[in-house]
Structure formats: structure tokens, C-alpha cells
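Open the model in your viewer and keep the selection tool at hand. This tour goes stop by stop.

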Amino acid sequence: MLPTQMQETSATNRLQKKSTPMISLKNIEKVYRTDTVETQALNNLNLNIGKGEFLSIMGPSGCGKSTLLNIMGLLDVPTSGEVRIDDNTTTNFPDKQLAAFRNRKIGFIFQSYHLINDLKVLDNVELPLLYRKSTGKERSILAAQALEKVGLSNRMKHFPTQLSGGQKQRVAIARAIVGQPEIILADEPTGNLDSNMGNEIMDILLQLNRNDGTTIVMVTHDEQMARKTHRLVRLFDGSQVL
Amino acid sequence: MLSHLFKLIWNKKKQNFLLLMEMFVSFLVMFAVFTLLVYYYKNFKVPHGFQYENVWAVNYNDAVKPDRLDSVALYMQTVRQTLLGVDGVQDITFTSANIPFSFTQNNNFVSYNKNKVLANVYEAEDNYASLFNLSVISGRWFDKTDIAGQTNTIVINNRLKESLFGNDEAIGKTILAGDEKLRVIGVSNDMKIDGDYQPTENGFFRKLDTAGLKYNSTILVKIRPGIDASFEPKLFKVLNNVIRNANIEIEHFTKKRERKNTLSLVPMILLSVVGGFLIINVALGLFGVLWYNINKRRCEIGLRRAVGASGSAISWQLIGEALVLSTLAIILGSFFAVQFPLLNVFDLPAGVYLTAIALAIAFIYGLVMICALYPGKQAAAIYPAVALHEE
């Protein structure tokens, strides 16, 4: 693994060549309303993330990190503001188009893995491919390749319950990359893992970013992990502070 | 996607087993209900084969009749003439007690070559067919010449003709009823004597002779059109005068038919009620299990939405899972149901069973679709951003 300082320098050089942002957020506000309470989760947030950038987001609990990630991942809609992904304004996309767009463009990694325990590892990884036109054979080949990338070729026929936490997260990464998305959104991917496992996962994400040029946005509480990325964004009370 | 659904169901086979069994039992119950319904409907569509609307049945018991046969014949002739003399009576005939829509049976095994079948035996006079407007398809009905023959003559119904002779000619052939030889002189239309929902049966008519008249206790009276029930007391008075010391009962064939039909419907109603309760239980169970599954699988649904499933894809996946499960139950159920026509259980036509299987399949799929639609819609409405943060 390259030292963090070197990685940052090389990534910054690469980023300077890229002008078009992959993700562009303009004046994003998110307000959660109930009958009695109004909570401002995001407040006039502006953020551009370049193609091939590895960005980390940090902040205390409840500052809006996950909300921001959900909005970037088109899983949630802002109360106001504009979300552009790869030069597409997604605000008015109907449900089907949004789902297809998400399927092609974005891969998700979650802190609690979100693997389907009733499906074998290979079937879990195939999941995003089920929602696009592909044959069973194509799905199996691509899923096997993705598992090979994360070093889990020998666990294809296992069920998630037979894997360790680190292995589960690697399966989740394989699932995120199987459809070759341009963006990976990772919500505390190392949060449930010990430091060794966490470093392994971080290495895989760095490799994906470096070798495949995948844009990665990672929410983390771990300062060390965040320092390995190109840029760090800090949130406090729904606003960017750094 | 179908193989994915099969994998999901197979990997959760323990959880799905009870639901599968519930669908399987429902399929079998619906198969039974539909078998009965289809059978009744097929029978219902068959014409009665005779006209009974203006015919009344007179049952008389304990009548004091002369001992000598020739005196009996004279006595019965007096009864006949007296009744025919009543204004409003069009025709009368003496017959055996197993009249249409009655609960009396008289049957015997009859054989021709190696074919041996059970057939109803009716005793009838020369005017029986005309009184009921019963058509003779081939040959003839009884007339005066039938007394003199050495072999007893009979008229068989079309069903018995097909059972014994198939497509061959039956007229002139002699069949055996025990040791007795009976010569076929005519083939009549089938009479649906057990009501609207029961099938026609093998049967033959033999001529009611003087010996038979001695023990006769049934008279069929055809009344003229336009005569209503108010005629009954008048007829009763005449009968009471001519047949002394007898318990006389007059029944209308239309009423007899209704009673017979009601009785036929009892098993169907019972089975439908039991089936209905079971189906309601299955529907509620299915609905509950699917609803429970959705709540249990909120994270999974959120994940599927995140990786590219649209709301409708989620909805159809859940409906699809229920349909795949019901398909497995139907395959299992069909295996058992198909044994009925293969083994000729209950001697029903294979078409009845096959139609019932098709209807039961359609019903189960319909039920599952209905029960899965709303939970499916609810699943589609799950907000992925929320579901993915639930544990």
C-alpha cells in the first residue's frame, strides 16, 4: 500500500486534469418534518465531486452524513436544491428511470453489509445485474470476476452467515462493483470491523479508485481512513465546515 | 429473475413449507369443490328427456284388490276408466313405484355377451312413453302384440344400449337379466330421473302385465294444460271413491323434482361451505405471511431498491415469489388430482376431473395474486433510505 501522503499527491494531480464533476450538489436542503417537529438535516450544501475522486465525509452523529450520502445515491430527495450526477439532473426522474440510473451509475457499501442471508455469496453479488438485461451465465461470470477482485473466489458457494465480518464487507464491495458503476457510495464501510480488517477494506477501495478510476464517496468516523482519501469534507449540523 | 425466485424459495424452504402445505390442501379442496360443480353443471346441461310438468303421481297403499288376476285386471280397468272420465284428466298410466324424481329404486344386472352392467328396471304400460312424451329413438314402444311373445320384450334406454352394444344395432337382440331372456324391441331417449344435477342411468322398461297390476301402487295422471292445484281435491275424491280403503297421496312432479334437486345440492353446499371457510383461512394466512415477510425483509427490499430495483419490480418480485410457491403447491396437488381420472375414481368422466383441475389451478393463482397484490404494493412503497438504516 502506498503511504497516504503519496496517494494524496498523485490523486490530486490526476484530479486536476478532470474538469467535469461526477456529482454536483447545489444549494441542497433537507428538512424532515413531523406534525410537531421540523429538523434541518442539510442546510444550503454545495459540493462538487470530480470524476475519479475519493472523497471522505466526516462529522458527528446526526450531522447529516448519511442523509447526504442518500441524496447523492438518489435514495432520498432533497427538500430543495439540485443534484446532478454525471451531468444529469436527476430531480425529475420517474421511479423506473431513477432505479435504472442508480443501477448503472452507483454502487453502495453499507456499514452493516446488507447481504441477503438466504442467498449464497455469488447470488448476493449478482443482485444488481438482476435488474438489467443480462443472462444467468453473464451474471455468474461477472459476479465471479468481482469476487476474484476482492479475493473471495473460494467463498462463492458459501452463505453470508458462514463468513467473517471482513469477508462480508468484501462481498458487499464485490456486489457494489459487479455492475461496473462509476460511483461507489460507502457508508462507514469499516465501522463494524477491527483495524486490520478495516485496512484491508480500505485498500480494496483505494485500489478500485486508483485502478478503475471509480469515484468514491465514503462516510467515516475514522480520521486515519479519511486521511487516505483525496479530500475530506466535514459536516456539522447539516452544513459543510471545511 | 425466475431462477432467482426459485433460489430464494428453495433456500427458505423451511419457512415456506407450511405456506406450501396450506396452498396444497387448498388446491385439493378446490379440486373437490370444482369436481362436484363441474359434474353437476354437466348433468344440468343434459335435457330431462321427458315432459313431467303436467304429470301428477298417485301413490296408493293397502288397497283391497281381488285375488284373481282377471278380476284385478277388471278392477284396474275400472280405476282407469273412472279417472279418464274425470274432466281435466288427459291420460293415466299404471307403473312401478320407481317413477322419476322418486326415492325408490329397482335395479338388476343385465348382460349381453361379456358386457354386464347394472340397470334400473321400470314397469310401464303401452301409453307410458306418450304420457311423458318420451321419444323412442329406434324400434318401437310396447303394444298389444307384446303379451303373446315367448320372450319378454323390453325397451332399453340409449345409455344402456351404448353400455351393452356400443354402436351396434340393439333391436332384436336378446339380453339376460339373471336367467331371464329379454328381447330388445326399442331404444328410448335417456330420462334424467334423479333430478337436474344427477346423471342419466342405465335402464330398461318391461311391460306391466296383469300380475304386476296386482301389486301396483302407482298411477301417473297427466292433467290437461291450464288445470291448477285446485283440481287436486277433486281428483282425490274420485280416487278415494274408486280405490277403497287405501292411503292415497298425490304428488306433483314439479315439486318432486325440486325436492330431489334440493337433496342433490346438499353435499355441494356442505363442501362449498367447508371449502369457503378454508379459502378464507388460506387467504388471511397468505396475506398475513406476505405482510409479515415484507416487514421482516424491509432491509432486503431497501437494498434491492438501492441496487436498481424499481418500486414495481419489488412489487412483482413479491407477487412472483408467492406465485412460484403456489406453482410448487399446484404441481404437487395436480399429481394427486390426476390420479382420479387415471384410476377412474368414482366413475366420473375424465373431462370432469381435468376441467376441475384447470379451474382449481386458476382459482389458486387468482387467490394468491389477490392476496399478494396489496402487500406487494406496500413493499413497493418502502422508502429505501429509511429501510437501509433499520436493523
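This is a predicted model: local features need pLDDT of at least 70, side-chain atom pairs count only at pLDDT 80 or more; totals for chains, interfaces and linings use all residues.

**Stop 1: a covered helix in chain A**

Select A:Lys65, A:Ser66, A:Thr67, A:Leu68, A:Leu69, A:Asn70, A:Ile71 and A:Met72, the buried residues of α2(A). The helix spans residues 65-72 and is mostly covered, with eight of its eight residues buried. Now step just past the end of α2(A). There, A:Leu74 takes a positive phi of about 60 degrees.

**Stop 2: strands in chain A**

Select β3 (residues 54-58) and β9 (residues 231-236) of chain A. Four bridges join them, and the two strands run parallel. Which residue of β9(A) is the bridge partner of A:Ile57? It is A:Val233.

Zoom in on A:Phe236, which stands opposite A:Ser239 of β10(A). β9(A) and β10(A) form a hairpin with two residues between the strands. Within that hairpin, A:Asp237 has a positive phi near 50 degrees.

In general, strands of a sheet pair through backbone hydrogen bonds, either parallel or antiparallel.

**Stop 3: where the chains touch**

Show both chains. The contact involves 22 residues of chain B and 25 residues of chain A. Which elements of chain B each supply at least two residues to its side? Select α1 (2-11), α9 (298-306), α10 (311-342) and α12 (384-387) of chain B. α1(B) gives the most to this side, with five residues. Colour the chain B side by class: eleven of its residues are nonpolar, seven polar and four charged.

**Stop 4**

The contact between the domains takes seven residues from domain 1 of chain B and seven residues from domain 2 of chain B.

Look at the domain 1 side of that contact. The largest share, four residues, comes from α8(B). By class, this side has three nonpolar, three polar and one charged residues.

**Stop 5: a sheet in chain B**

Select β2, β10, β1 and β11 of chain B. In that order they make an open sheet of four strands with antiparallel pairing. Where are the edges of this sheet? They are β2 (89-95) and β11 (247-252) of chain B, each pairing on one side only. Neighbouring strands of the sheet are turned by 20 degrees against each other on average, direction ignored.

Follow β1 (residues 55-61) of chain B to its neighbour β11(B). Six bridges join these antiparallel strands. One spot to check is B:Asn61, whose bridge partner in β11(B) is B:Asn247.

**Stop 6: helices across the sheet**

Select α3 (residues 69-84) of chain B, which lies across β2 and β10 (218-223) of chain B. α3(B) runs at about 155 degrees to β2(B).

Then select α7 (residues 231-242) of chain B. Which strands does α7(B) lie across? They are β1, β10 and β11 of chain B. The angle of α7(B) to β11(B) is about 150 degrees.

Key:
Residues are numbered from 1 along each chain as its sequence is written. Chains are lettered from A and ligands numbered from 1 in the order in which they are written. Two residues are in contact if their C-beta atoms, placed from the backbone, lie within 7 Å. Ala, Val, Leu, Ile, Met, Phe, Trp, Tyr, Cys and Pro count as nonpolar, Asp, Glu, Lys and Arg as charged, and the others, Gly among them, as polar. A residue is buried if 20 or more other C-beta atoms lie within 10 Å of its own, exposed if 12 or fewer, and partly exposed in between; C-beta atoms are placed from the backbone. Two strands pair if DSSP finds at least two bridges between them. Axes are lines fitted to C-alpha atoms, for helices over the stretch in contact, and angles run from 0 to 180 degrees between N-to-C directions.
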